[in-house]
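Please keep the sequence and the model in view while I go through the sheets, the ligand shell and the domains.

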Amino acid sequence: MSRLLEVKGIRVGYGTVPVLHGIDIHLDEGEAIGLFGPNGHGKTTLLRALSGLLRPEEGSITFDGKDITGAKPATIVAAGLVQAQQGNTMFGDMGVEETLELSAFTPRARKDRKGRLAEVHALFPRLAERRHQRARTLSGGERQMLSIGCAMMCAPRLLILDEPTLGLSPRLKGELREAISVIAEKGVPLIVVEQDVEFLLALTNRLYLIEQGEVASEIDRDNAPDHQEIMDMYFGEQAH
Ligand SMILES: Nc1ncnc2c1ncn2[C@@H]1O[C@H](COP(=O)(O)OP(=O)(O)OP(=O)(O)O)[C@@H](O)[C@H]1O
Ligand SMILES: [Mg+2]
């Protein structure tokens, strides 16, 4: 299987404050991987570096055989590495459908805009029902769906989701997880950050535990310790 993403020894920080101290991760074509770990240990920072929002001071990021270290976010999205926006204060007065259509702005994505819209509507029937509603009037959970929908409109070759179900009611969380599982089953490569290790083990084939800006361990689903052992490893280390 060919390597889609290779991250080697990246060091990333904010100003003079270092956060990632040399991270190595990789993902093959057709794979889904999960990232988990304590709060504030660098998961989101790693994703920002992948999306081109932060430039690594050292190390390299290779996507689909091309060095994208330090590339602009728009170049990275055009190459197919797409992160769904989190939280979503970005939606405005445009309608839901219009927002989705405008998201397919890259040359690759523009090709089959209608087909992709139908795919997003099938994933999130609520977005189809609310197609003419102004995006900013959607509920938090629906905005999260729109955010993932917009990312899907970009024809992702690798989709990145940072805690997509954070703060949602159990019902909406369930709906969203179901849709994310369908995306994974379609074979879209995924990087998902979640605190729920059980969900990650069901969704992905490998997990990375990110602690103190480093990869503390890599867990393969096929020979993973059971869920309790992972939680002991995680919370056990946190307790010290
Ligand atoms: N814009 C910023 N400026 C300065 N420091 C930041 C900024 N964003 C994050 N940090 C710091 O970088 C460190 C890593 O934060 P990051 O958001 O990557 O963690 P995380 O693992 O995603 O946490 P969480 O699980 O809470 O989302 C933290 O110490 C945080 O305070
Ligand atoms: Mg985070």
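Leu-35 has Tyr-208 of E9 as its bridge partner. The two strands concerned are E3, residues 32–36, and E9, residues 206–211, and they pair in the parallel sense over four bridges. Strands here, labelled E, are DSSP runs of at least two residues, helices are H or I runs of at least four, and both are numbered from the N terminus. Two strands count as paired if DSSP finds at least two bridges between them.

Before continuing, a note on the source: this is a predicted model, in which local features need pLDDT of at least 70 and side-chain atom pairs count only at pLDDT 80 or more, while totals for chains, interfaces and linings use all residues. Residues are numbered from 1 along each chain as its sequence is written, and chains are lettered from A and ligands numbered from 1 in the order in which they are written.

On its other pairing, E9 is joined to E10 by six bridges, and these two strands run antiparallel. Glu-211 stands opposite Glu-214 of E10. E9 and E10 form a hairpin with two residues between them, and one residue of the turn, Gln-212, has a positive phi of about 50 degrees.

Where do these strands sit in the sheet order? They belong to an open sheet of six strands, ordered E6-E7-E8-E3-E9-E10, with mixed pairing. The edges are E6, 81–83, and E10, 214–220, each of which pairs on one side only. From one strand to the next, the twist averages 20 degrees; for such angles, axes are lines fitted to C-alpha atoms, for helices over the stretch in contact, and the angle runs from 0 to 180 degrees between N-to-C directions.

I turn now to the other sheet. Four strands form an open sheet in the order E2-E1-E4-E5, with antiparallel pairing. Its edge strands are E2 and E5, the latter covering 66–67, and each pairs on one side only. E1 and E4 pair over five bridges in the antiparallel sense, and Arg-11 has Glu-58 of E4 as its bridge partner. Between E4, residues 58–63, and E5 there are two bridges: Phe-63 stands opposite Lys-66, and Thr-62 stands opposite Asp-67. The hairpin of E4 and E5 has two residues between the strands, and Asp-64 takes a positive phi near 50 degrees there.

Helix H1 lies across E1 (3–14), E2 and E4, running at about 65 degrees to E2. Contact, here and below, requires C-beta atoms, placed from the backbone, within 7 Å of each other.

Which residues surround ligand 1? They are Tyr-14, Val-17, Val-19, Asn-39, Gly-40, His-41, Gly-42, Lys-43, Thr-44 and Thr-45, where a residue is near a molecule if its C-beta atom, placed from the backbone, lies within 6 Å of it. Strand E2 (17–28) and helix H1 (43–50) are the elements that give two or more residues to this shell. H1 gives the most, with three residues. By class, the shell holds three nonpolar, six polar and one charged; Ala, Val, Leu, Ile, Met, Phe, Trp, Tyr, Cys and Pro count as nonpolar, Asp, Glu, Lys and Arg as charged, and the others, Gly among them, as polar.

Next, the domains. The assignment gives domain 1 as 3–80 + 157–239 and domain 2 as 92–155, with bounds that come from an automatic or database domain assignment. Their C-alpha centres lie 24 Å apart. Domain 1 brings 14 residues to the contact and domain 2 brings 12 residues. On the side of domain 1, the elements giving two or more residues are H2 (73–78), E7 (158–162) and H8 (170–185), and the largest share, five residues, comes from H8. That side divides into 11 nonpolar, three polar and no charged residues.

Finally, a helix pair. The axes of H3, residues 96–103, and H7, residues 140–153, come within 7 Å and cross at roughly 35 degrees. H3 contributes Val-96, Thr-99, Leu-100 and Ser-103 to the contact, and H7 contributes Leu-146, Gly-149, Cys-150 and Met-153. These residues divide into five nonpolar, three polar and no charged.

Key:
Two residues are in contact if their C-beta atoms, placed from the backbone, lie within 7 Å.
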